[in-house]
Amino acid sequence: MATNFLVHEKIWFDKFKYDDAERKFYEQMNGPVAGCSRQSSGPGASSGPGGDHSELVTRIASLEVENQSLRGVVQDLQQAVCKLEARLGVLEKGSLAHRATAPQTQHVSPMRQVEPSTKKVATATEDDEDDDIDLFGSDEEDDKEATRLREERLRQYAEKKAKKPALVAKSSILLDVKPWDDETDMAKLEACVRSVQLDGLTWGGSKLVPVGYGIRKLQIQCVVEDEKVGTDLLEEEITKFEEHVQSVDIAAFNKI
């Protein structure tokens, strides 16, 4: 009767087995520390085993990250300290070397200190000797010599300029000489034109150019010096041959 009664009752007789199995499982996952903390919490703790496990895992992970960051900071500080020590050593060596060489560069020999006094004595004696020299007389002689040289150079420049030939302005003129009619002897007309001889006049080439109705005109080139021969004078001399020349025109005029 008693056994049948217990069969119908909801009693967990092997609960300790499940508790042991759960404890071993968490010990394997979290180590003995997590297991001890779980045992210390006891069955009367407010949070369950799953909540304690997640909280411990997050705390351990955060501690590991913080530990790694601190190690990095410590390594950086050690490197900076090493660099500063090396730099201080170099600066100390440089300062010691500068102190060792500074007294040598500042050394002044006693002979150099005495030299100015001797120079002063020498200059004083020279000044006394120079007092008897007439400085104004030498300046007057120098001025006379400079004036003579300047006048000599001006005279030479004037002579050189006088010997240099002056530039003569010339012009090239092309004349159109027209006859009276077609019966005019053009050879005789050209001979009359070339017979005009003036100082500064030089005749050039010529040709006959048809005008119309069998009439031809004489085109003749000449070079004149502007100061000696003018166009008016040239036309006046050519038009004197009234039997052959009707008119004279300037076809082209160019400066040379």
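This is a predicted model: local features need pLDDT of at least 70, side-chain atom pairs count only at pLDDT 80 or more; totals for chains, interfaces and linings use all residues.
Mentor: Residues are numbered from 1 along each chain as its sequence is written, and side-chain values use heavy atoms, leaving out hydrogens and water.

Trainee: Why is C192 called buried?

Mentor: Buried means under 20% relative accessible area, exposed over 50%, and partly exposed in between, with a 1.4 Å probe and protein chains only. C192 has 10% relative accessibility, so C192 counts as buried. C222 is buried too, because its relative accessible area is 1%.

Trainee: What makes Y213 exposed?

Mentor: Its relative accessible area is 82%, which is over 50%, so Y213 is exposed. Y213 lies in the loop between β2 (201–212) and β3 (215–225); strands are DSSP runs of E with at least two residues, helices are runs of H or I with at least four, and both are numbered from the N terminus. Phi of Y213 is positive, near 60 degrees. Most residues other than glycine have a negative phi.

Trainee: How many disulfides are there?

Mentor: A disulfide is a pair of cysteine sulfur atoms within 2.5 Å, and by this rule the count is zero.

Trainee: Which residues have the most contacts inside the largest nonpolar core?

Mentor: Such a core is a set of buried Ala, Val, Leu, Ile, Met, Phe, Trp, Tyr and Cys residues joined through side-chain atoms within 4.5 Å. The largest one has 18 residues, and those with the most contacts inside it include L175, W203 and C222. Its largest share, four residues, comes from β3.
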